[in-house]
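Have the structure open as you read.

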Amino acid sequence: MDKLLELAEIKTNDVLYDLGCGDGRIVVAAAKKYGIKAVGVDIDPQRIKESLENVRSNKVAHLVTIKQADIFELDFQEATVVSLYCCRS
């Protein structure tokens with residue numbers, strides 16, 4: 001996760017969107033480390049709940065927004081950085 005954020009070369013005015021944010025760890029880390037606005041998006045209500053708790057417990061609600069949405073129907077034109085974690089099982 002840290003390497004992903006480092007490779008993105010994040011600037012203070014960036015807006016990061018994490019598509020399929022899971023528990024919100026990427027958006028939380030980006031907000032804490034870089035102080036940027038970050039948006040986490042997931043379709044699963046349980047993951048949204050986990051993300052919101054992670055945002056709350058890390059005190060970054062002023063920077064992080066969590067949305068329950070289908071990423072294929074999402075308007076993310078404000079994003080300057082987009083992350084999508086892909087894994088193979």
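Contact here means heavy atoms within 4.5 Å. Asn 54 sits in helix α3; helices (H or I, at least four residues) and strands (E, at least two) are DSSP runs, numbered from the N terminus.

A word on the source: this is a predicted model, where local features need pLDDT of at least 70, side-chain atom pairs count only at pLDDT 80 or more, and totals for chains, interfaces and linings use all residues. Residues are numbered from 1 along each chain as its sequence is written, and side-chain values use heavy atoms, with hydrogens and water left out.

How open are the side chains to the outside? Buried means under 20% relative accessible area, exposed over 50%, and partly exposed in between (1.4 Å probe, protein chains only).

| Residue | Relative accessible area | Class |
|---|---|---|
| Asn 54 | 18% | buried |
| Tyr 17 | 1% | buried |
| Phe 76 | 29% | partly exposed |

Next, the cores. A nonpolar core is a set of buried Ala, Val, Leu, Ile, Met, Phe, Trp, Tyr and Cys residues joined through side-chain atoms within 4.5 Å. The largest one has 18 residues, of which Leu 5, Leu 16 and Val 64 touch the most other members. The elements giving two or more residues to this core are α2 (25-34), α3 (45-57) and β3 (64-68), and α2 provides the largest share, six residues. Leu 5 is in contact with Ile 10, Leu 16, Ile 26, Ala 29, Ala 30 and Tyr 34, neighbours within four places in sequence aside. A second, separate core has seven residues, among them Val 15, Tyr 17, Leu 19 and Val 41.

Which aromatic rings pair up? Rings of Phe, Tyr and Trp (its six-membered ring) pair if their centres lie within 6.5 Å; planes under 30 degrees apart count as stacked, over 60 as edge-to-face and the rest as tilted. The whole structure holds one aromatic pair. The ring centres of Tyr 17 and Phe 76 are 6.2 Å apart and their planes are at 35 degrees, so this pair is tilted. Tyr 17 is in strand β1 (residues 15-19) and Phe 76 in the loop between β3 and β4 (81-84), 59 residues apart.
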